[in-house]
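The following note sets out comments on the fold, in numbered points. Please read them alongside the model.

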Amino acid sequence: MAFILLRTFDNSIEAHLLKSKLESEGIECYIFHENTATLTPIAIGAISFKVYQKDFPKAYEIMMEMQRLVPKDKNGNIICCPECHASKLIIIKRKQKNQFKGFFGKIRSFFNSHEISVVVCEGCKKEFDPSDLS
Ligand SMILES: [Zn+2]
């Protein structure tokens with residue numbers, strides 16, 4: 001039975017969170033290169049997280065479910081999409097684009113890489129800035 005890559009991680013804490021979640025759902029999964037990533041500071045996406053091919057669709061679904069965050073206003077009400085008015089907005093995390101140029105810029109980006117939140121509507125697929133909605 002073949003292993004396939006579910007996703008990569010930059011740090012092992014997140015990888016283990018997903019592992020315990022998947023295992024609680026009865027899905028076998030394996031973390032590769034965990035030690036390399038812990039020892040090397042420049043190891044973005046170095047940890048491979050693999051599952052059996054047959055489990056991939058379910059594992060993927062659970063992973064997406066774990067990452068799913070719904071934007072709410074300050075009263076705790078779910079915010080609807082300003083475009084299509086569906087309550088299908090989700091917050092996703094995305095690596096910020098490389099803002100530094102050149103070779104040294106690449107190195108700087110490794111150390112300055114951080115995730116930004118983007119709100120996406122699953123209905124109309126439009127993207128919004130979280131600060132525009134709250
Ligand atoms: Zn929409």
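1. The sheet is open and is formed by 3 strands in the order β1-β3-β2, with antiparallel pairing. Strands here are DSSP runs of E of at least two residues, and helices are runs of H or I of at least four, numbered from the N terminus; two strands pair if DSSP finds at least two bridges between them. β1 (3-9) and β2 (29-32) stand at the edges with a single partner strand each, so one side of each lacks a neighbour in the sheet. From one strand to the next, the twist averages 30°.

2. This is a predicted model, in which local features need pLDDT of at least 70 and side-chain atom pairs count only at pLDDT 80 or more, while totals for chains, interfaces and linings use all residues. Residues are numbered from 1 along each chain as its sequence is written.

3. β1 and β3 (residues 47-52) run antiparallel and are joined by 6 bridges. Within this pairing, the bridge partner of R7 is F49 in β3, and F3 stands opposite Y52. β2 is joined to β3 by 4 bridges, again antiparallel; F32 stands opposite S48 in β3.

4. Contact requires C-beta atoms, placed from the backbone, within 7 Å; axes are lines fitted to C-alpha atoms, for helices over the stretch in contact, with angles from 0 to 180 degrees between N-to-C directions.

5. The 13 residues of α1 reach 18 Å from first C-alpha to last, close to the 18 Å expected at 1.5 Å a residue, where the expected span is 1.5 Å times one less than the number of residues.

6. Which residues of α1 are buried? They are A15, L18 and L22, buried meaning 20 or more other C-beta atoms within 10 Å of a residue's own, and exposed 12 or fewer.

7. Just after α1, G26 adopts a positive phi of about 80°.
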